[in-house]
Amino acid sequence: MSAEATNPATPGPVTAGPAARWRARIDLRRLGRAALLGPAARDRLPDAIGHVAEAHRAHHPDADLEPLRRAYVLAESSHRGQMRKSGEPYITHPLAVTLILAELGAETTTLTASLLHDTVEDTEVTLDQVGEQFGAEVRYLVDGVTKLEKVDYGAAAEPETFRKMLVATGNDVRVMSIKLADRLHNMRTLGVMRPEKQARIAKVTRDVLIPLAERLGVQALKTELEDLVFAILHPEEYEHTRELIVDNASRADDPLAEVADEMRTVLRDADIQAEVLIRPRHFVSVHRVARKRGRLRGADFGRLLVLVGEDADCYGVLGELHTCMTPVVSEFKDFIAVPKFNLYQSLHTAVAREDGQGVEVLIRTHQMHKVAEAGVIALGNPYAPSSDEPVDGERADPTRPGWLSRLLDWQEGAPDPDTFWSTLREDLAQDREITVFRPDGGTLGLPEGATCVDAAYAQYGEDAHACIGARVNGRLATLSTVLRDGDTVQLLMGQDPASEPSREWLEHAHTAAARIAIQRWLAAHPSHEDTARPEDAATTPRPTTEALSTEGSPTARPVVDVVADQPGATVRLAGCCTPVPPDEITGFSVRGGAVTVHRVECSAVSRMKSAGRAEVGVRWGDTTECRVTLVAESFVRPHLLADLTEAMALEGAEIVSATVEPPTQQRVRHTYTLQLPDAAHLPALMRAMRNVAGVYDVSRAQTQPGVS
């Protein structure tokens, strides 16, 4: 489809893509005259929709045109007498919108609804009449794009209309297809509006409609909308870009044409059937390249498109180009093996000319190209059963993407139209999506930059309030960890029914679903707003050292039964590794004639040996009672200390002292010195501590105090 605009603010035509594949834009004046001729006899199509019928039959040769004839008759008679601000009969608008969709390959039901899309909103026709004459699907589509009345909704009419439209799109993506084509034609003819109204409509188009077109993969609409918005909101930069394009078009040499000829020769010699087309960049694309590279060269004004018949041919083309030409390896991307979230598939590469100019190349099949241009519109009726699939009455739309499901989920929790409207724009501004994997093999689609917080709410909804941490690719990670495409994420859920989200999570929530769920909880629990984890002074332990020893002193040494090969020496256990039976141990003489006992794997042992300390043989005596220092690492959550101390008490451990460090990134480190009645209980004690929700590791102390 051409990126030419009839808007006075967008002078001059610019062709985008293989323009020969799209027919020229219709003449609104001629269309207006045809529309005024009125309906034709029942046995033939009205002249005014001849363009639509021709475009439709190009994609669907066997299509039944009778619904289009009846829809035009109803639309023309209903809109008769209404005029657009540009002066044409109003019927030219639904006709132009329908032609846009027909050229993109939309099926008959979509085109029928498109012809009728303004009848319920602007005429006396009712939804019931549409349903009676054209069926439930057409009725649903027309209802989906019908605006809500400002009389009823006031300033909230626009956001609530979009909310209604998005909900309808969740059940049938054809609703948004019609809306995008409707907005494109309105933008083409926006020049008759006041400048301030042009700017307002252009901003909504930029913030909402263009991102939706991108997500639905409708590049043909997205690129033209971008150029029209660019012309209105940035007229000076638009004009400068237009001059660059015009100047380049007047050049005698065309590096893209030269490389295209070379490619055709390479592929012909390799016996690969392929079309090599020059695909000019549209205005916004040229502007972006200019900002990125500075001075533009001839190859920067377009890319080469190679179209083949089969998927395997794409890789065959790639191999030949990389073999016979100079590839720019850093530019290679395989969107066939890993399609983009908006259905886009293509191989991207680049080759270098002798003068140093790089030429970008897109390689795809004809079907991939159709989907790349038309996105979901090219997929036809999502409810038509396949030949080998029985009709079961279910309306399960296979084209409903993950981002749309997420959007529909969070919009239910948006408390008011303003929140919905601002959050929608923020959500749509995130224009890339990643896929992360769950341990069970399932996947989560998330926007780029999403964190474990977002993954938790995407998987568990509001139950994610109980999430206490995550493992990313098998390694423990905080909830603030940013995820990357292809990561495997295991979310660790607490069992405490009183689990609470933290206000700090809002700083790490990238998705609207996560932010709204957390905000809703905080709003419903105002008394917790200043105490929710991890800032909660009541539930997050302050750094402290408590002496709970029955000996009355936090530094009192336990009586140990260790025999040393140094008669008369005082024997004490090292605090750095806290050995207990049956650990393998060794001893060293220290000042005062004492012997310090270490586990043989303690790092202090090698250090003391290298320092020349005399090693003393030691062995365990008969006493089974022992004292040990354990380090527990956990995620911050309410009641964690209570649960840990209860678990230790149930195993018969007496807490001699406890130190809890300040929380860092939602994690906290606890150090406990414990008296056990029997060293054999140590493995069971450590297991019990690990089983406490939120605790992800328990180990023997390995700190290195100074050696006395």
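Predicted model: local features only at pLDDT ≥ 70, side-chain atom pairs only at ≥ 80, totals over all residues.
Visitor: Which residue does the side chain of Asp253 meet in a salt bridge?

Guide: The general idea is that side chains of opposite charge can pair when their charged atoms come close. In this structure the side chain of Asp253 meets that of Arg251 in a salt bridge, with 3.1 Å from N to O, and Arg251 is itself partly exposed, at 38% relative accessibility.

Visitor: How many salt bridges does the structure hold?

Guide: The structure holds 32 salt bridges, and one of them joins the side chains of Lys609 and Glu615 at 4.0 Å, N to O. Lys609 is partly exposed, with a relative accessible area of 45%, and Glu615 also counts as partly exposed, at 45% relative accessibility. Salt bridges can also be linked into a network, as they are for Arg281, Arg293, Asp300, Arg303 and Glu360.

Visitor: How many residues apart are Arg264 and Asp261 in helix 15?

Guide: The general idea here is that an α-helix has 3.6 residues a turn, so residues three or four places apart point the same way. Arg264 and Asp261 are three residues apart in helix 15, which covers residues 255-269, so about one helical turn separates them. Their side chains meet in a salt bridge of 2.8 Å, N to O. As for accessibility, Arg264 is partly exposed with a relative accessible area of 33%, and Asp261 is partly exposed at 45%.

Visitor: How far does helix 12 reach from its first C-alpha to its last, and where is its kink centred?

Guide: A helix can be read by comparing its span with the span expected for its number of residues. Helix 12 has 21 residues and reaches 29 Å from its first C-alpha to its last, which is close to the 30 Å expected at 1.5 Å a residue. After helix 12 comes Gly217, whose phi is positive, near 75°.

Visitor: Is Thr673 buried or exposed, and which side chain does it join through a polar contact?

Guide: A residue under 20% relative accessible area is called buried, so Thr673, at 16%, counts as buried. Thr673 is found in strand 21, residues 667-676, and a polar contact of 3.1 Å joins its side chain to that of Thr629. Leaving out residues up to four places away in sequence, the residues that Thr673 touches include Val628, Ile655 and Val656.

Visitor: How far apart are Val284 and Glu237, in sequence and in space?

Guide: Val284 and Glu237 are 47 residues apart in sequence and 9.7 Å apart in space, C-alpha to C-alpha. Val284 is found in helix 16, residues 283-293, and counts as buried at 9% relative accessibility. Aside from neighbours within four places in sequence, Val284 is in contact with Glu226, Asp227 and Phe230.

Visitor: Where is Thr511 found?

Guide: Thr511 is found in the loop between helix 22 (505-508) and helix 23 (512-524), and at 5% relative accessibility it counts as buried. Not counting residues up to four places away in sequence, Thr511 touches Pro447 and Asp454.

Visitor: How many helices and strands are there in the protein chain, and what share of its residues is buried?

Guide: The protein chain has 26 helices and 22 strands, and buried residues make up 52% of its 708 residues. Among contacts with a separation of 6 or more, 69% are between residues 24 or more positions apart.

Terms used. Residues numbered from 1 in each chain as written. Heavy atoms only, no water. Buried < 20%, exposed > 50% of the residue type's maximum accessible area, 1.4 Å probe, protein only. Helix = DSSP H or I, 4+ residues; strand = E, 2+ residues; numbered from the N terminus. Expected span 1.5 Å × (residues − 1). Polar contact = N/O pair within 3.5 Å; in protein donor to acceptor, adjacent residues only side chain to side chain. Contact = heavy atoms within 4.5 Å.
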